[in-house]
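Subject: Structure for you, with notes

Hello,

Here is the structure I promised to pass on. Please open it alongside this email; my notes follow.

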Amino acid sequence: MDITPLIPADRQVIDTYGPGRFRISNTLYETAVIVFPDRTVLWDIGTFEGLDAASVQAVRTAEPPVELLLLGCGPRMRLLPSAVKQDLRRAGIVVEAMDTPAACRTYNVLLAEGRRVAAALLPI
């Protein structure tokens with residue numbers, strides 16, 4: 001019996017991740033990305049230290065609206081700057097910071113559940 005959840009073909013699924021890269025719906029990205037259910041965009045952030053309210057603008061203004069943002073902090077989980085967390089909360093978005101591998105796995109599970117999720121991913 002196949003228990004793999006069915007994900008519609010038009011959804012952005014994180015296929016693999018590795019040092020400095022992601023493969024999302026069979027497209028290779030060698031930079032930080034933000035993955036939405038319907039598209040993937042390049043994320044011009046550089047490092048975790050560059051994270052600020054402006055760097056998550058695409059998530060705050062996404063249509064359809066995002067309800068949960070998974071922040072992949074790179075090889076290890078880091079504390080999210082409180083100003084960024086508060087800014088997203090004001091926009092009605094819950095944010096969870098975790099290491100990037102955990103964010104990739106969690107995104108795929110939530111996507112399969114039909115949640116309005118996005119993943120902002122820094123490479124490992």
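The side chains of Glu67 and Arg115 form a salt bridge, with 2.7 Å from N to O. Glu67 sits in the loop between helix 1 and strand 6, and Arg115 in the loop between helix 3 and strand 8 (117–121), so this pair ties together parts 48 residues apart in sequence. Glu67 is partly exposed, at 26% relative accessibility. Arg115 is partly exposed as well, with a relative accessible area of 34%. Bear in mind that this is a predicted model.

Glu49 and Arg78 meet through their side chains in a salt bridge of 2.6 Å, N to O. These two residues are 29 apart: Glu49 is in the loop between strand 5 (39–42) and helix 1 (57–60), while Arg78 is in the loop between strand 6 (68–72) and helix 2 (82–90). Is Glu49 buried or exposed? Glu49 counts as exposed, because its relative accessibility is 55% and the cut-off for exposed is over 50%. Arg78 reaches 23% and counts as partly exposed.

Next, a pair of neighbours in sequence. Asp38 and Arg39 join their side chains in a salt bridge, at 2.8 Å from N to O. Asp38 is partly exposed, with 37% relative accessible area. Arg39 is partly exposed too, at 28%.

There is also a network of salt bridges. It links Arg60, Asp87 and Arg90. In total, the count comes to eight salt bridges.

Look at the first pairing in detail. Strand 1 and strand 2 (residues 21–24) run antiparallel and are joined by four bridges. Thr16 stands opposite Arg23 in strand 2.

Best wishes

Key:
Residues numbered from 1 in each chain as written. Predicted model: local features only at pLDDT ≥ 70, side-chain atom pairs only at ≥ 80, totals over all residues. Heavy atoms only, no water. Pairing = 2+ DSSP bridges. Salt bridge = Lys/Arg side-chain N within 4 Å of Asp/Glu carboxyl O. Buried < 20%, exposed > 50% of the residue type's maximum accessible area, 1.4 Å probe, protein only.
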